[in-house]
Amino acid sequence: MSGVWVFKNGVVRLVENPGADSLDGSRQARRKVLIFTPSNETITSYSVLEHKLYSLGWERYYDDPDLLQFHKRSTVHLISLPKDFNKFKSMHMFDIVVKNRNMFEVRDM
């Protein structure tokens, strides 16, 4: 992981390419994808992700109607994701990777 960690409004997030809000003509943005490493499967929807997380002991947490949240009883970890899969960004992917070591990874597409 490369980039800059930013602390704002009580939340820490990774900004992968600070200052690069627009693309220049010679470079294309690389899209990130979340991979479930045991099967080398790309996560293409929340239903696929939810199935993988359930198999790892995560449970759905229904506290906030605007988010998809998952909690693992044996930890204090909470995964919070936007309801719309199109808003699923690399910072959410890296959060899943950190909380599920050796089970997920983020790759450039």
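Leaving aside neighbours within four places in sequence, which residues is Gln 69 in contact with? The tour returns to this question after an overview of the model, which is a predicted one.

**The whole chain**

Display the entire protein as a cartoon. Its secondary structure comes to 2 helices and 8 strands, and along the sequence these follow the pattern β-β-β-β-α-β-β-β-α-β. Of the 109 residues, 29% count as buried. When the surface is shown, the protein exposes about 7,600 Å², of which carbon and sulfur atoms supply 49%. Among contacts between residues at least 6 apart in sequence, 38% join residues at least 24 apart.

**The sheet β5-β6-β7**

Select β5, β6 and β7 next. These 3 strands form an open sheet in that order, with antiparallel pairing. β5 and β7 are the edge strands, and each pairs on one side only. On average, neighbouring strands of this sheet are turned by 25° against each other, direction ignored.

Within the sheet, β5 and β6 run antiparallel and are joined by 4 bridges. Glu 59 stands opposite His 71 in β6. α1 lies across β5, β6 and β7, running at about 130° to β5. α2 also packs on the sheet, where it touches β5 and β7, and its direction makes about 160° with that of β7.

Now select Gln 69, which is found in strand β6. This residue is buried, because its relative accessible area is 7%, under the cut-off of 20%. The side chains of Gln 69 and Ser 80 are joined by a polar contact of 2.9 Å. To answer the opening question, Gln 69 is in contact with Glu 59, Arg 60, Tyr 61, Asp 63, Asp 64, Leu 78, Ile 79 and Ser 80, its neighbours within four places in sequence being left aside.

The C-alpha atoms of Arg 60 and Lys 72 are separated by 8.8 Å, and the two residues are 12 apart along the chain.

**The sheet β4-β3-β8**

Select β3, β4 and β8. Here 3 strands form an open sheet in the order β4-β3-β8, with antiparallel pairing. β4 (41–42) and β8 stand at the edges with a single partner strand each, so one side of each is left without a neighbour in the sheet. The antiparallel strands β3 and β8 are joined by 5 bridges, and Val 33 has Arg 107 in β8 as its bridge partner. Across β3, β4 and β8 lies α1, running at about 145° to β8.

Select α2. Of its 10 residues, 7 are buried, so the helix is largely enclosed by the rest of the structure. The buried residues are Ser 90, His 92, Met 93, Phe 94, Ile 96, Val 97 and Lys 99. They pack against β2 (11–15), β3, α1, β5, β7 and β8.

Finally, show the largest nonpolar core, which has 21 residues; those with the most contacts inside it are Leu 34, Leu 49, Leu 81, Phe 88, Ile 96 and Phe 104. Two or more residues come from each of β3 (32–36), α1 (46–55), β6 (67–72), β7 (78–82), α2 (90–99) and β8 (104–108). End the tour at Leu 34: beyond its neighbours within four places in sequence, its contacts include Leu 49, Phe 88, Ile 96 and Phe 104.

Technical notes: Residues numbered from 1 in each chain as written. Predicted model: local features only at pLDDT ≥ 70, side-chain atom pairs only at ≥ 80, totals over all residues. Heavy atoms only, no water. Core = buried A, V, L, I, M, F, W, Y, C linked by side-chain atoms within 4.5 Å. Buried < 20%, exposed > 50% of the residue type's maximum accessible area, 1.4 Å probe, protein only. Contact = heavy atoms within 4.5 Å. Areas by Shrake-Rupley, 256 points an atom, 1.4 Å probe, with all protein chains shown as cover. Polar contact = N/O pair within 3.5 Å; in protein donor to acceptor, adjacent residues only side chain to side chain. Pairing = 2+ DSSP bridges. Axes fitted to C-alpha atoms, helices over the stretch in contact; angles between N-to-C directions.
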